[in-house]
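Colleague: I would like to go through the labels on this structure. For each one, tell me the value and the cut-off behind it.

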Amino acid sequence: MDRRTRSQKFRVRQDWIVAMGMALAVVTCLPSQAWSGDRSNEGCLMCHSEKGEFLKFADGSKKSLFVDKAQWKKSVHGGKLSCTDCHREISDYPHQKKKFEDARDYTLARANTCQRCHYAHYTRVLDSTHYEILKSGMREAPTCVDCHGAHDIHDPRTPRLGINARCATCHSEISDTFKQSVHGKALLENNPDVPVCTDCHGAHSMPSPSDSKFRLTSFQMCAQCHGDEERMKKYDLNTAVLSTYLDDFHGSSNRLYAMGAGKPTKPIATCSDCHGVHNISSFKGSATKAEARARVIKTCRTCHAEVPDSFADAWLSHYEPTFETAPLVWGVKLGYRVLIPLIMIGLVLHILLHLWRLKTHR
Ligand code: HEC
Ligand code: HEC
Ligand code: HEC
Ligand code: HEC
Ligand code: HEC
Ligand code: HEC
Ligand code: HEC
Ligand code: HEC
Ligand code: HEC
């Protein structure tokens, strides 16, 4: 069949049967038979591999009816699914018509297609903040199709940078900020050790960052990497950042709340309050001691308003206290280290002596 008769077919609507009757003389393979008997991909693509035809909606928006055959074949579903596995309602031509207000309405309705086979992902999405946002009436929030596409779906995990690119189609500002950060710069060089958006947010069951639990547990998402010796060794970064945080006043309270001890009345300092979130920068060689201290005290003041400069000294940074840096804390810690084992040994000895006395002096 030549290109011309095929594109003609596309244009015919209600008068299709008449037109086909006329084409019968020149077309050897009868499209009406090929179509009604042939619900195969080839049958559908006979019309849908033509460019330049559109679905048009009442508000003037439109969607191309073109399906790129080559891309479809390369996609994760190509060779595995047929068109009608997803487009189950299409069984005839002209296709059954449904009313859609506009192009977005169409996409939102069609996005339900995926749930039949990917039910686990679908149920995860039901718990996500995007779904909540969508339900509240904001139609721009993403569905499966916005993140994965429909006919050109690829393995979404590779390339890793592609994940951020998906999010960036809607969150371009955050994405631009992130590219400037210590994590983002490394990611652009294909460093597999730094986080992409979904390492911190997840892709499907995404919690809302304004949820108090997200905030309370957010230190754990930093710690999964920054507490990992193996990963941090390469960058010569201190992995005591987690233990020192959990030892200090903020970390120990935060951990208790994260474990379910009620809700804090005021936000407690967590990793991202001091370091930023999407704009985290490196400390390496960037500042003199005085500059670093000024930065620290500025951070403290976001919550502890009007404290004097010396207040920053209440914080030991991420270092275990030593005799040189914090002799008093170091001394008290050492005292505990000696005293606690002595008390424990005494306690055990006491019990043992008691038992011995019971046995021998009964
Ligand atoms: C004879 C040409 C022709 C064939 C064959 C054909 N289509 Fe269509 N298709 C059209 C035209 C024209 C439209 C736009 C008008 C309309 O809405 O029916 C369309 C619209 C569509 C739409 C968008 C509207 C909707 O209901 O969602 C989908 C999806 C679709 N076709 C899928 C298929 C599938 C799947 C097959 C194979 C089973 C197929 N088509 C076979 C011509 C064809
Ligand atoms: C994995 C499920 C799936 C398969 C398989 C599939 N489609 Fe679709 N199709 C969709 C979804 C979802 C949409 C809605 C996309 C949107 O709104 O952007 C869609 C939309 C369409 C449209 C309307 C125009 C558009 O792109 O939005 C046409 C035409 C269409 N599909 C044809 C086909 C043909 C032909 C095949 C077989 C080669 C096919 N589809 C295979 C899920 C699928
Ligand atoms: C009729 C069943 C069916 C439907 C409907 C369907 N898929 Fe699939 N999907 C599959 C199969 C089968 C595979 C291949 C699994 C494999 O290779 O292990 C797959 C693979 C995938 C993968 C790759 C998974 C991986 O681990 O790499 C993604 C992503 C995907 N589908 C997304 C979608 C999206 C988005 C939709 C809706 C537009 C959709 N699917 C609709 C059956 C389906
Ligand atoms: C906000 C964007 C987004 C939405 C919405 C989304 N996904 Fe995903 N999906 C991703 C990303 C990114 C990945 C890559 C893996 C990861 O980071 O978890 C992925 C991975 C997948 C995979 C591959 C297997 C896996 O778990 O790694 C499948 C299948 C899949 N998604 C299906 C779906 C279906 C079905 C829907 C709708 C119910 C959906 N996704 C909605 C972004 C999204
Ligand atoms: C199709 C557009 C779209 C895509 C793609 C998208 N989002 Fe969103 N997202 C939205 C909209 C709309 C909102 C609500 C308004 C806002 O906060 O910007 C939102 C909100 C969010 C929120 C905040 C929710 C809250 O409760 O405050 C997070 C976190 C988020 N998106 C992460 C992601 C990540 C990560 C990806 C990529 C895997 C992604 N988004 C992809 C449209 C999108
Ligand atoms: C290192 C972990 C991490 C990475 C990577 C990350 N985020 Fe976030 N994101 C967070 C945290 C923590 C918050 C909560 C911030 C707060 O409480 O102010 C947040 C908040 C958000 C919000 C809602 C609040 C706002 O600022 O609008 C959106 C949307 C968002 N992130 C999108 C993204 C996108 C898109 C990417 C990828 C370019 C990304 N995030 C990468 C940790 C991360
Ligand atoms: C997926 C792993 C991963 C996660 C999650 C992660 N980081 Fe990182 N981070 C890294 C790696 C790797 C580097 C080193 C990058 C480089 O130097 O090129 C780094 C660098 C840093 C640096 C710069 C250190 C310096 O002085 O050079 C800071 C600060 C930082 N991260 C803080 C955070 C915070 C805060 C969070 C949580 C909101 C977080 N990171 C989450 C892997 C991670
Ligand atoms: C009270 C503020 C504050 C909190 C909370 C905090 N940091 Fe820091 N962090 C700093 C300052 C200031 C520095 C740099 C000065 C220094 O090294 O003494 C730093 C340094 C770092 C470095 C660089 C270490 C190196 O070897 O150069 C990393 C990585 C880091 N922090 C990660 C984290 C993580 C992960 C958390 C949460 C578990 C966290 N920080 C909590 C203020 C904070
Ligand atoms: C995000 C807000 C926030 C930031 C930033 C912050 N703190 Fe705090 N801080 C708190 C809260 C809330 C408490 C009370 C915690 C509790 O009740 O256990 C607290 C408690 C303390 C305490 C215990 C004594 C007291 O006043 O209750 C000290 C000391 C302290 N912070 C020092 C610092 C220092 C030093 C910095 C800067 C390096 C800093 N904080 C940054 C929120 C913050």
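Predicted model: local features only at pLDDT ≥ 70, side-chain atom pairs only at ≥ 80, totals over all residues.

Colleague: Why is His318 called buried?

Modeller: Its relative accessible area is 19%. Buried means under 20%, so His318 qualifies.

Colleague: And what is His275 called, on what value?

Modeller: Partly exposed, at 30% relative accessibility. That class runs between the 20% limit for buried and the 50% limit for exposed.

Colleague: Why is the arrangement around the iron atom of ligand 9 called octahedral?

Modeller: Six donor atoms subtend angles of 89 to 179° there, which makes the arrangement octahedral. The protein donors are NE2 of His250 and NE2 of His304, at 1.9 to 2.0 Å. This pair also links distant parts of the chain: His250 is in helix H18, and His304 is in the loop between H20 and H21, 54 residues apart. His304 is partly exposed, with a relative accessible area of 34%.

Colleague: What makes Asn238 a polar contact of ligand 8?

Modeller: A backbone N or O atom of Asn238 lies 2.9 Å from an oxygen atom of the ligand. The limit is 3.5 Å for a pair of N or O atoms. The contact counts.

Colleague: Which elements give two or more residues to the shell around ligand 8?

Modeller: Helix H15 (212-226), helix H17 (240-247) and helix H19 (271-275). H19 gives the largest share, three residues. By class, the shell has 10 nonpolar, six polar and no charged residues.

Colleague: How is H17 placed in the fold, and what does it pack against?

Modeller: In H17, Ala240, Thr244, Tyr245 and Leu246 are buried. The buried residues of H17 pack against H15 and helix H18 (249-258).

Colleague: Now ligand 2. How does its shell divide by class?

Modeller: Into 10 nonpolar, eight polar and two charged residues. Of the 20 residues around ligand 2, Cys83, Cys86, His87, Thr107 and His151 come nearest.

Colleague: How do you know that Lys63 makes a polar contact with ligand 2?

Modeller: A polar side-chain atom of Lys63 lies 3.0 Å from an oxygen atom of the ligand. The cut-off is 3.5 Å, so the pair counts.

Colleague: Why is H4 described as largely enclosed?

Modeller: Six of its eight residues are buried, so the rest of the structure largely encloses H4. They are Asn41, Gly43, Cys44, Leu45, Met46 and Cys47. Helix H4 (41-48) also supplies at least two residues of the shell around ligand 2.

Terms used
Residues numbered from 1 in each chain as written. Chains lettered and ligands numbered in written order. Heavy atoms only, no water. Polar contact = N/O pair within 3.5 Å; in protein donor to acceptor, adjacent residues only side chain to side chain. Helix = DSSP H or I, 4+ residues; strand = E, 2+ residues; numbered from the N terminus. Nonpolar A, V, L, I, M, F, W, Y, C, P; charged D, E, K, R; others polar. Near = heavy atom within 4 Å. Buried < 20%, exposed > 50% of the residue type's maximum accessible area, 1.4 Å probe, protein only. Contact = heavy atoms within 4.5 Å. Donors = N, O, S within 2.8 Å, 3.2 Å for Na, K, Ca; no water. Tetrahedral: all angles 85-135°; square planar, octahedral: opposite > 155°, others 65-115°.
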